[in-house]
Amino acid sequence: MSRSETSLPAGLNPVADLPKPPGLHWNVRADQPVAYSVSMVRGLLDADNPTLARACGGGQGRPFRCLLVIDSVVDSLYREQLAEYFDRWQIQATWQVVQGDEDAKYLEQAVRVTEAMSRMGILRRAEKVVAVGGGVVLDIVGFAASMYRRGVPYVRVPTTLVGQIDAGIGVKTGINYGHHKNRLGAYFAPELTLIDPEFLRTIDPRHVANGMAEIIKMALVKDAVLFDLLEATVGSITPDTLAGCGSALSEVLSRAISGMLDELEPNLWEQVLERSVDYGHTFSPSLELRADPPLLHGEAVAVDMAICVALAHLRGHLSKSDTDRALKLLQGFQLPISHPIFTPELLEEALADAVKHRDGLQRVPLTRGIGSVVFANDLTAEELGRALEFVGSWKATTAEGELVGAAV
Ligand SMILES: NC(=O)c1ccc[n+]([C@@H]2O[C@H](COP(=O)([O-])OP(=O)(O)OC[C@H]3O[C@@H](n4cnc5c(N)ncnc54)[C@H](O)[C@@H]3O)[C@@H](O)[C@H]2O)c1
Ligand SMILES: [Zn+2]
């Protein structure tokens with residue numbers, strides 16, 4: 001801390017640079033280092049694999065406690081395996097089961113997780129909270145961990161595709177509030193994320209497509225090689241092949257994860273609001289929860305991406321053939337490219353909310369060719385209407401059920 005009239009270097013603290021009233025002034029400055037790792041580990045629940053036990057703080061030949069917060073479906077499928085694993089490694093897990101669907105992602109659920117921490121009397125640093133589940137449970141637990149005693153360490157074990165390539169690997173946590181996605185939340189890094197694709201064997205095929213939307217996003221904004229790979233594997237991606245994680249799918253997962261981490265790492269706290277990973281997340285956050293029946297997150301992102309593909313094409317950033325490839329790839333994964341809730345009026349409303357989120361500017365990422373982005377700040381309502389029409393007529397003129405590339 002400095003007591004003086006000097007200010008921090010320009011840009012670091014705009015408030016400190018304001019004219020001072022007469023008197024003494026104190027400026028406080030601290031940096032918070034963030035370090036966490038993401039590891040892909042096959043056979044995470046194998047009895048002789050110490051990785052998870054060590055992540056929980058145990059595995060040292062003496063009993064150890066942790067708070068296991070687990071998605072209810074994952075609990076029903078993997079309880080026996082997990083319980084045997086914890087016994088083997090002398091981990092005394094306090095078991096807290098949480099519902100893992102979007103409509104369970106509300107504040108009270110996060111508060112309940114903090115109550116479980118309190119009941120257990122979790123030690124503030126030595127004992128870990130271990131979140132096992134999809135993006136919903138990871139977001140709830142991460143938010144609870146950020147609030148409890150203003151922050152306790154936690155470990156993530158994502159069990160869905162969205163969790164493994166997106167929700168589980170960044171630092172964002174949150175819950176939905178007032179029809180808005182993730183309106184309340186915190187940036188709060190886990191100590192570690194452990195990804196075992198074997199969990200994907202039991203996910204619903206609709207949740208494969210849901211996760212693929214986020215992978216297609218990464219391909220469109222920064223990885224043309226990944227895009228080619230997706231075109232080549234589209235017919236063969238199933239819960240079983242993802243779990244088996246052969247060489248092509250291992251490459252898909254690893255490119256998606258590294259692409260995402262490359263984008264997140266230099267901008268973890270989102271000081272820069274032009275984020276290519278926001279592709280497909282301009283209109284979808286406002287509309288995802290309004291659809292009836294609700295859209296899954298990745299489905300809403302897919303419709304948003306289709307509109308952005310059309311916007312890029314209409315602005316001359318994306319050739320007709322790349323536009324066709326992008327829309328066909330989305331369809332190839334059984335993702336929607338249009339939905340009745342995405343009307344011109346609601347798109348405009350959603351964009352207005354995105355402008356608030358993005359501090360006053362649209363900052364809408366659009367593809368410039370496949371694999372790179374450009375940001376638009378001047379989209380008009382009329383242009384949004386034309387993009388919707390473009391997708392509508394594209395869909396009508398494209399043969400239904402056509403798959404892209406050869407299935408392998
Ligand atoms: N924090 C972030 O950076 C971030 C990033 C992307 C998405 N998200 C959030 O993630 C959420 C979506 O996550 P999701 O798609 O994983 O949904 P989800 O967590 O709702 O899980 C989907 C369904 O799969 C079930 N499930 C979980 N693992 C399973 C398994 N191994 N086998 C069988 N069933 C299983 C769940 O019980 C649930 O019914 C959204 O709320 C989204 O906002 C957060
Ligand atoms: Zn997303």
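## Tyr-187 and its partner

Tyr-187 is partly exposed in this predicted model. Its relative accessible area is 35%. The residue pairs with Trp-269 in an edge-to-face arrangement. The ring centres lie 5.8 Å apart, with 85° between the planes. Trp-269 is also partly exposed, at 30% relative accessible area.

## Other aromatic contacts

The whole structure holds six aromatic pairs. One of them joins Tyr-85 and Phe-86, again edge-to-face. Tyr-85 counts as buried, because its relative accessibility of 1% falls under the 20% cut-off. Phe-86 is buried too, at 2%.

Both residues belong to an aromatic cluster, together with Trp-89 and Trp-95.

## Salt bridges

The salt bridge count is 28. Lys-172 and Glu-270 form one of them, with their closest N and O atoms 2.7 Å apart. Lys-172 lies in strand β8 (residues 172-177), while Glu-270 is in the loop between α9 and α10, so this bridge ties together parts 98 residues apart in sequence. Lys-172 is partly exposed, at 37%.

This bridge is part of a network built from shared partners. Its members are Lys-172, Glu-270, Arg-275, Asp-278 and Arg-358.

## Two further bridges

Arg-201 and Glu-198 also meet through their side chains, at 2.7 Å from N to O. Both residues are partly exposed: Arg-201 at 36%, Glu-198 at 31%.

Arg-29 and Asp-31 form another salt bridge. Their closest N and O atoms are 3.9 Å apart. Asp-31 is exposed, because its 64% relative accessibility is over the 50% cut-off. Arg-29, at 48%, counts as partly exposed.

## A positive surface patch

Where does positive charge gather on the surface? The patch consists of Arg-124, Arg-125, Arg-149 and Arg-150. Arg-149 is placed in the loop between α4 (135-147) and β7 (154-158). This arginine is partly exposed, with a relative accessible area of 47%.

Key:
Residues numbered from 1 in each chain as written. Chains lettered and ligands numbered in written order. Predicted model: local features only at pLDDT ≥ 70, side-chain atom pairs only at ≥ 80, totals over all residues. Heavy atoms only, no water. Patch = residues over 30% accessible without salt bridge, like charges linked within 9 Å, V, L, I, M, F, W, Y side chains within 5 Å. Areas by Shrake-Rupley, 256 points an atom, 1.4 Å probe, with all protein chains shown as cover. Salt bridge = Lys/Arg side-chain N within 4 Å of Asp/Glu carboxyl O. Lys, Arg positive; Asp, Glu negative; His and termini not counted. Charge placed at Lys NZ, Arg CZ, Asp CG, Glu CD. Helix = DSSP H or I, 4+ residues; strand = E, 2+ residues; numbered from the N terminus. Buried < 20%, exposed > 50% of the residue type's maximum accessible area, 1.4 Å probe, protein only. Phe/Tyr/Trp six-rings, centres within 6.5 Å; stacked < 30°, edge-to-face > 60°.
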